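This report looks at selected local features of one protein model. Keep the sequence and the 3D view at hand while reading.

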Amino acid sequence: MINNSVMRFYFSMIILMLCFQSIMAQKKYSISGTIRDIKTGEMMIGAAITVKEKPDIGAVSNAYGFYSLSIEEGKYTFAFHYTGYEERDTVIDLHDNNKLDIEISELVVSLHTFELSSEAANKNVTSPEMSVQKVNVKEISTIPVFFGEHDILKTIQLLPGIKGVTEGNSGFYVRGGGIDQNLILLDEANVYNPAHLLGFFSIFNSDAIKDVTIYTGGIPAQYGGRISSVLDIKMNDGDNKEFKVTGGVGIIATRLTFEGPIKKGKGSFIISGRRTYADLFVHLFGPSNLRNTQLYFYDFNVKANYELGAKDRIYLSGYFGRDAFDFNNNTNANQNFGINWGNTTATLRENHLLSDKLFLNSSLVYSDYSNNITLGAGDAQFQVVTGIRDVSWKEAFEYYANSTNTIRFGTQETFHTFRPGEVTVNTASTVLPRVLLSNTIGRKYGIESGIYISDEWKTSKRVNITYGLRYSLFSELGPGLAYTYDSLGNVLDSASYKNNQIMKTYGGLEPRASIVYILNENSSVKASYNRIYQYIQLLSNSTVQTPVDLWVPTSNNVKPQIGDQEAIGYFHNFKNNTYETSVEIYYKNMQNQIDYVPDANLIFNKTLESQLLYGRGYAYGAEFFVKKKYGKFTGWIGYTFSRTIRVFPGIDNGTPYPAKQDIIHDVSVVGMYELSKKWSLSATFVYYTGYAVTFPSGKYEINGVVYSEYTDRNAYRMPPYNRLDIGATYTTVKTEKKECSWNFSIYNVYARENAFSIYFQQDPNNPSQTEAVQLSLFRFVPAITYNFKF
């Protein structure tokens, strides 16, 4: 889909850059290999490699544990570091290219008894990356959470710049963006709805997760398609040394994981499953008329990998999860209502080492999100299916040119299938099918392409730069109808397109850059810029993401969203890198944003785009972060001041108004304390100002009918939110082969009634008056979970 002139320019730039770097590196030799956990054989992502005789030279292992470093001929001591692991030193007399695979051991002492070497521990200062956080999966297991279900998405909401959507919800906003502006990847596969039970739990089972990285700015060129953030989640590879079983039993769900070698040292597998049993309680203890109701979710993570040879390894991974809510009223067996939704992903990858310096990852990726709604009575039932399906192909190269340059380039192609509303009928009625089937909205299709190149360049001891360029392209494909509308949303004309005929094409260049100036070994100043095009959008009338929301492509009416973000920051570490601190200031400009006309109808609407309004948005803010990494007491404090504004010609006469995610002040405090070898304690506190809402400002009556009167969009605020959670973990057994523990937690300790929503009704004591009623969901939620590993 990318035209020939762009491709020629792209590959010319790659060839010139590679030739230049090869000339500069002719008299150097490379040392390359993989870094693994000595106990499990898991590849180590982001491990640091340094040369003690040349402190300015180093490398970092990639997402598959591979590293490559070029250096002049000589005898050197290479040091391998990873947080929480013992440093491994190896002396090599380098006279030729050398392959060195390394295994490193986890520290057997507590974190508070050691300090990492400065080269590994101050990466947050020396790396040009900014606005990026890595979540320690082990920390997730100690932080108190809702119903005791450890949740990656709720954990990242405790970081600056990332805000939860509502009480207990896994959805999140990043730096003023919408929930559809976050690219969520699970082993490279797009996840379009990351929530279970309408958002109260995420689909990510922490037992199956190895690495979690979130970019809120300075997004690298290999990522595209969402203008606000990237959440890149990688699954465990599985233990390739021995078989293990891990699991947990909680008050709402049970999880179980099996992992082990396919062939020891060559390949491994992991199978992880989780299921809730809320429906079992309904069957046993619920009202008699709800005994047949189904209410549960389940998910499975599977992954396998195998080394084909010294230069090749293949990976196959998948996720399968569904939510089911089926209401059957025993008092009237003919009545039925059900919602069934979920995600399916599959990723096939091959790592191939083209040379000691050139690494290739090839991927074939499948992703499907679907939602099925069943309604009806007796034989007259119908089903509505919505969703989106992707098939993607990716080629990603990493070229370790020399000790100062790492070049990444690649291409991506995704075929999208959109299902905005397909109706199927199961009935003997002759009228009902015709009525319903006439509301079926045909599938839409699109193909999204991207090519990119970037270079991480260490220009001097003090300055590191990562710069790159991405070109993206999107085409909406037939068959389909393209409507044109007047200013009031009335259809003026339509055009019909055949199969695979291009209906509309958009594209553009996306520059990316980030730079660090190192003031000293403990402090630095950073700046970044990125531009990103987004070609698909989520249409929703609700605050939270729900199964009935619709994903739609750009079209002749809907233009791609374009996000430009600039950020600057100061980073400083204290006391041998025990404390990390940072301050970041950002500004984000967002073009072609979407809002809705009053009382917009998004369901069964073939002229859906007539309900949309178009405008722009901007967001700015300052984020403050302090983190204590080592010691008996660890944790962090984050504070964000931010504003998020929208400007739409069709709303409030073009006057700027706050977006619903305009949360001005946001504070989070996380603390974890190792009381003894048996007991550890934890607590979290959150406070944020209420999000912006539109409430009626009055009412009036016409012909006996009462109407609400509204003034400006989002002119009111929900009440401020605050909550304290506490937790404790008691380890009963901990040996090299076995570990068992009990986790206790209390969500919302002081039982604050935070507002989930506010609605208006007639005052029963004074019918002439209207009263506001606050709905609160969770006051005080204790939980207990038993975890085991053997």
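A residue is called buried when its relative accessible area is under 20% and exposed when this value is over 50%. The model described here is predicted.

By that cut-off Asn500 is exposed, because its relative accessible area is 58%. Asn500 sits in the loop between strand S30 (491-497) and strand S31 (502-520). Ser131, in contrast, is buried, and it belongs to the loop between helix H3 (123-126) and S9. Most residues other than glycine have a negative phi. The table lists two residues that are not glycine and have a positive phi.

| Residue | Phi | Relative accessible area |
|---|---|---|
| Ser131 | about 55° | 5% |
| Asn500 | about 65° | 58% |

Strand S9 belongs to an open sheet of 5 strands, in the order S9-S16-S17-S12-S13, with mixed pairing. S9 (132-135) and S13 (189-190) are the edge strands; each has a single partner strand, so one side of each has no neighbour in the sheet. S9 and S16 (residues 209-215) run antiparallel and are joined by 4 bridges. Lys134 has Thr213 in S16 as its bridge partner.

Another backbone feature concerns a peptide bond. Most peptide bonds are trans. The bond from Gly478 to Pro479 is cis, with omega near 10°. Pro479 lies in the loop between strand S28 (463-477) and strand S29 (480-485).

Finally, Thr644 is part of strand S38 (residues 633-647). Thr644 is buried, with a relative accessible area of 1%. Leaving aside residues up to four places away in sequence, Thr644 touches several residues, including Gly176, Tyr618, Tyr657 and Asp662.

Conventions:
Residues are numbered from 1 along each chain as its sequence is written. This is a predicted model: local features need pLDDT of at least 70, side-chain atom pairs count only at pLDDT 80 or more; totals for chains, interfaces and linings use all residues. Side-chain values use heavy atoms; hydrogens and water are left out. Helices (H or I, at least four residues) and strands (E, at least two) are DSSP runs, numbered from the N terminus. Buried means under 20% relative accessible area, exposed over 50%, partly exposed in between (1.4 Å probe, protein chains only). Contact means heavy atoms within 4.5 Å. Two strands pair if DSSP finds at least two bridges between them.
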